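Visitor: I would like to go through this model and ask what stands behind each label.
Guide: Here it is.

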Amino acid sequence: MNNYDVIIIGGGPGGYVSAIKAAQLGSKVAVVEDGNLGGVCLNWGCIPTKTMLTTAKLYKDILGAKEFGIEGIDGDKVDVDWNKLLDRKEKIVDKLINGIRMLFKKNKVELIEGFGTVKDKETIEVNGKIYKTKNLIIATGAKEVYPEIEGLKQMEEKEKIIYSKLAFDLKEIPESIVIIAGNQYSVEFANLFNLLGSNVVLIHQEDRILPYVEKEMAKTLERQLKKEGVKFVSDATFKSINEDGIVIEQKGKEKTFKADKYLISWDIKPNIKGLEALNLKKGKNGFIETDETMKTNIDGVYAIGDVNGKYPLAHVASAEGIVAAENINGKKSKMDYTKVPLLIYTSPELASVGLTEEAAKEKGLDITVSKFPLAANGKAMSEGDTVGFIKVISENKYGEIVGTHIMSNNADNMISSAVSIMQLEGTVYDMAKTILPHPTTSEVFMEAAFGAIDKPIHM
Amino acid sequence: MRFEFKFPDVGEGIHEGTIVKWLVEKGEEIKEGDSLIEVETDKVTTDIPSPKSGKVLELLGDEGEIIHVGNVFVVLDIEGEASSEDVENLSAAGGGTKDSFDEADKEKKLDEKEEVIEEETAGVVGEVVVSSEEIPPSDEGVISRKSTEEKLSKKALATPVARAMAKDLGLDINSVEGTGPGGRVMKEDIQKAKDSSKEKSQEKIQEKPEIKREAKPLQLDEASEGEGLYERVPLTRIRKTIAQKMSESKFTIPHTTVMDEINVTELDKFRKKYKDILREEGVNLTYLPFIIKASITAIKELREFNSSLDEVNEEMVYKNFYNIGIATDTQRGLMVPVIRDADKKSIVEIAKEIVDLSTRAKDNKLELSELQGGTFTITNYGSIGGHFGIPIINHPESAILGLGRIIKKPIVDENDNIVVGKMLPISLSYDHRIIDGASGSRFVNILKELLIDPDMLFLKS
């Protein structure tokens, strides 16, 4: 029988998580997927880029091993084998995709392979076959949008352009690379290729990189990356691109930057092909509008992940998927977007949750900002990673922590403590009184919390 | 076994008493029927006999202190030793609930108890833990222990900020429904509880008085009913509501009405002076906005006219906001849209709002919220006709002002001349349970003072 309680279109981190949760709650579930399970995150995004980053960091660490007391490393002999790196990435991705297949089997989620076309909210057609469902979850994700730059098409044909999704199509590590735009993906690629030994120039339109990230953190990162060799060009307008390079205008002056490759990570737009039969309400840039239960304007139709344009982040998609599955199964559940962590995988990493100082002030909150530098932390020193800090923003009335920003190696893991405390509406008093293990970089939490109340211990 | 004896309902609507004297001592062996305590209530002084035989373990409360119905005041050991489990129960009850006190700080607990009741009527979402649970002197102690456990399990899971906020706002966090994971009380829930507390207390007052009147079918002559002499038309929803509200008011509130006539000649002159100017601005300046202003001045002075009676808690609930309902005749029936915070609005603003509300009432375009939250109502039946009437109070409000048709009458002035006066007949109905006749007359006097001389109205309102 082709009747389901829930059909999910799209098997990315939103769709597949939602499917498993819905099945666990008792729904009969099918997932329609046209490509690989795991979506952008697993196939091109989070996991593959982190595999690359691991190799890149290791490479850099080996080159710098002397400082840590290791002799005998010949920098000229150490090299990154691009193809072996890709093999390793393939293996990891395959393993994870098989893992999802296994989880589907275990939870009796059916996988329908092919492109799903919605006939009406209860009817989906895949490869000419009709499937019926009581609830529909749209998890089709988003795709890249390319900027309009004169000559881009011709350069594409000459294989000079890499779009962020296709970075793995590179045959080798480019000698030089120009990265276009100043968003988190651009900055991550700039860091990555810099670690791998490329000459990197990052050209962006704003006055600073990462305009939505905590200002001091973004600035410190820019400074650090500059020190490591990345060139930054700000306030740029992209004019044209040809064999001689990319032409930009900066403060009225034209400049040309030539490189082996040009990497573009511009913007995204929702994948809404196949959904035309539904009269879905759409917001800015065509993203599907949803309420806090992830429901669209149509009863029984939900939209999760990149397609709703809220936060193009895998962990948000998964959380939204769980919320949708719970609501379908009669559990009251809603999304809270005020505590979504954001990670930027550079060296050091940036991790944020909640409000920045500027945003809190804009909201008219009465706040205290407490900052503590990594340079005063023993573990950070022993690891040779003292660039960075933690900033805790707390509201004065009850001391509630409303924002945490960490710049540090391992910030990706460290931020979870802040997310947990904030999820529980915890205060700086709770954080200060939490006994943190020594020696860890996470001790900076306690220091910043005491800083907000009175004074940090180690300063 | 440990047995907690709660101050029983001694009847005659008595909810509390003062401890005059303990008639037993701690450690004393007593028999069922022995007098435990002498208590003075507002009607009598009475001895309370023990429902059980056993040994007195604890006497809670000192002589001169107030105890409430439902409070544990004596703990007995009956049929053997108190088990550790039982002791645990009691200490939990002392710490977590408010109807029994820990010996160490019993005085504090007594205070706290009173606080809780105050909070309830102050419109705070909280639970009054009295009266429903006390057991008659002969019952088993099991019941009280069970309810203690139930309360214990209600200890709320809450976030640190939610706890701090609840403490600040004087909310009982255990009574707030949590919407966080696992029912955790989040700060948003506290905010919501705070916002709704005012409304809730009003709802509660509305809910309390149950009208125990059975509806009987109307008996008609069956034979003639078939001949087209009668026509049966089902009530519309709005008519059903009106019928129910009227019954609720009339059967709950002992109405009384005071009537008078007010000479509004001067007010009429004043009104006419500005009427045409304001008409150009699109304002229809009737008498009503002036009367609303005068009424607010009167109810500010005589707060009971802007109050409700909480029968269950036996408390007056005074409202510190002034939302004036305007009884409006519509095709579908009587509607009472509300002018919110009328005390903060000018006469012109009120005039505009009256037109807006009454127009939309007639077009059936009012929002439900615009019909709720009134604290005092004015009905202008005179606009259609009629001199005096007996308006029915818009329950749970405490008073309603009826306005008759203004007519010219011969008046004897201060120089004993007969002059023509424009006379406004008014009828003020009020809840005679909480408003005495003298207050009714005082209210009318204030209205007269302000409406006879418009300058006075502007000086005082």
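Visitor: Which residue is the bridge partner of Leu342(A) in S19(A)?
Guide: In S19(A), Ser352(A) is the bridge partner of Leu342(A). This is a predicted model, in which local features need pLDDT of at least 70 and side-chain atom pairs count only at pLDDT 80 or more, while totals for chains, interfaces and linings use all residues. Residues are numbered from 1 along each chain as its sequence is written, and chains are lettered from A and ligands numbered from 1 in the order in which they are written.

Visitor: What makes S18(A) and strand S19 (residues 349-354) of chain A antiparallel partners?
Guide: Two strands pair if DSSP finds at least two bridges between them. S18(A) and S19(A) are joined by 3 bridges and run antiparallel, so they meet that condition. Strands here are DSSP runs (E, at least two residues), and helices are runs of H or I with at least four, both numbered from the N terminus.

Visitor: Why are H1(A) and H8(A) called roughly parallel?
Guide: Helix H1 (residues 15-24) and helix H8 (residues 314-328) of chain A pack at about 30°, with their axes 8 Å apart. Axes are lines fitted to C-alpha atoms, for helices over the stretch in contact, and angles run from 0 to 180 degrees between N-to-C directions. Angles under 35 degrees count as roughly parallel, over 145 as roughly antiparallel, 65 to 115 as roughly perpendicular and the rest as oblique. H1(A) and H8(A) are therefore roughly parallel.

Visitor: Which residues of H1(A) meet H8(A)?
Guide: Gly15(A), Val17(A), Ser18(A), Lys21(A) and Ala22(A) do; contact requires C-beta atoms, placed from the backbone, within 7 Å. Nonpolar covers Ala, Val, Leu, Ile, Met, Phe, Trp, Tyr, Cys and Pro, charged covers Asp, Glu, Lys and Arg, and the others, Gly among them, are polar.

Visitor: Why are H9(B) and H11(B) oblique to each other?
Guide: Helix H9 (residues 288-301) and helix H11 (residues 437-452) of chain B pack at about 135°, with their axes 9 Å apart. By the angle classes already given, H9(B) and H11(B) are therefore oblique. Their contact divides into 9 nonpolar, 2 polar and 1 charged residues.

Visitor: How many residues of chain B are in contact with chain A?
Guide: 8 residues of chain B are in contact with 7 residues of chain A. Helix H4 (residues 160-169) of chain B gives the largest share of the chain B side, 5 residues. That side divides into 6 nonpolar, 1 polar and 1 charged.

Visitor: What share of chain A counts as buried?
Guide: Of its 459 residues, 45% count as buried. A residue is buried if 20 or more other C-beta atoms lie within 10 Å of its own, exposed if 12 or fewer, and partly exposed in between, with C-beta atoms placed from the backbone.

How values were computed:
Contact = placed C-beta atoms within 7 Å.
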